[in-house]
Amino acid sequence: GEEADDVEEEPEYDEHIWLSIRNAEVLVKNIAQEIANIDAQNAEIYEKNADSYIKKLDHLDKQYAATIKNGKYKAILFGDRFPFRYLFDDYGIDYYAAFVGCSAETEASFNTIVTLADKVDELGLDTVFVIENSDTSIAEAIIRNSKSKDQQILTLNSIQSVSSEIIKDGATYISLMEKNCETLGSVLK
């Protein structure tokens, strides 16, 4: 049915809070505090470990800030779902995407493809991003509908589908977010 004009829309939330390094710092503090509350005997160890990890996160935050500050571009485009809202909001990066958050939709409309292709042209973007495990078909359609048709497709890892094999190979939150920063840096240059 139709909604009444006086009904306010609910704010749209993105559940991918861990993709903001600044949010991750808050999460680490809160988790360490809760564990310390449960195991007070070892509280000092948990606090020390949290402080050490937060220093690593702070360093990573500074890496992102420098990468964005020194970048030529201040906007990116996703031909996919977009779980990076909090991360990009932290650093003032504008973003355009086929879908908000991790929408259950699998096909972008013709109008969405054309609008995003026009945005690629307008901003002179040479890259269309996707998330890990994407089939890239939407990104490819955006590129086919752009003027130059020669943009690259790069992947940012949303850390929502990390396998045990990747973890066994040494992947951590920090290493995956560092890789995302490197990828962004290569494009924003």
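1. The largest cavity holds about 30 Å³ of space; a cavity here is a set of points, on a 1 Å grid over the protein atoms alone, where a 1.4 Å probe fits but cannot get out, and its volume is the space filled by probe spheres set on the points. The structure has one cavity of 30 Å³ or more.

2. This is a predicted model, with local features needing pLDDT of at least 70 and side-chain atom pairs pLDDT 80 or more, while totals for chains, interfaces and linings use all residues. Residues are numbered from 1 along each chain as its sequence is written, and side-chain values use heavy atoms, without hydrogens and water.

3. Lining residues have an atom within 4 Å of a cavity point. For the largest cavity they are Ala75, Ile76, Leu125, Asp126, Thr127, Phe129 and Val187.

4. The protein chain has seven helices and four strands (DSSP runs: H or I of at least four residues for helices, E of at least two for strands). Their order from the N terminus is α-α-β-α-β-α-β-α-β-α-α.

5. Of the 189 residues in the protein chain, 40% are buried, meaning under 20% relative accessible area with a 1.4 Å probe, protein chains only. Among contacts (heavy atoms within 4.5 Å) between residues at least 6 apart in sequence, 68% join residues at least 24 apart.

6. Ile35 lies in helix H1 (residues 21-38). Its relative accessibility is 36%, so Ile35 counts as partly exposed, the class between 20% and 50%.

Notes. 1 Å grid on protein atoms, 1.4 Å probe; cavity = no way out; pocket = protein on both sides within 12 Å on 5 of 7 lines; lining within 4 Å.
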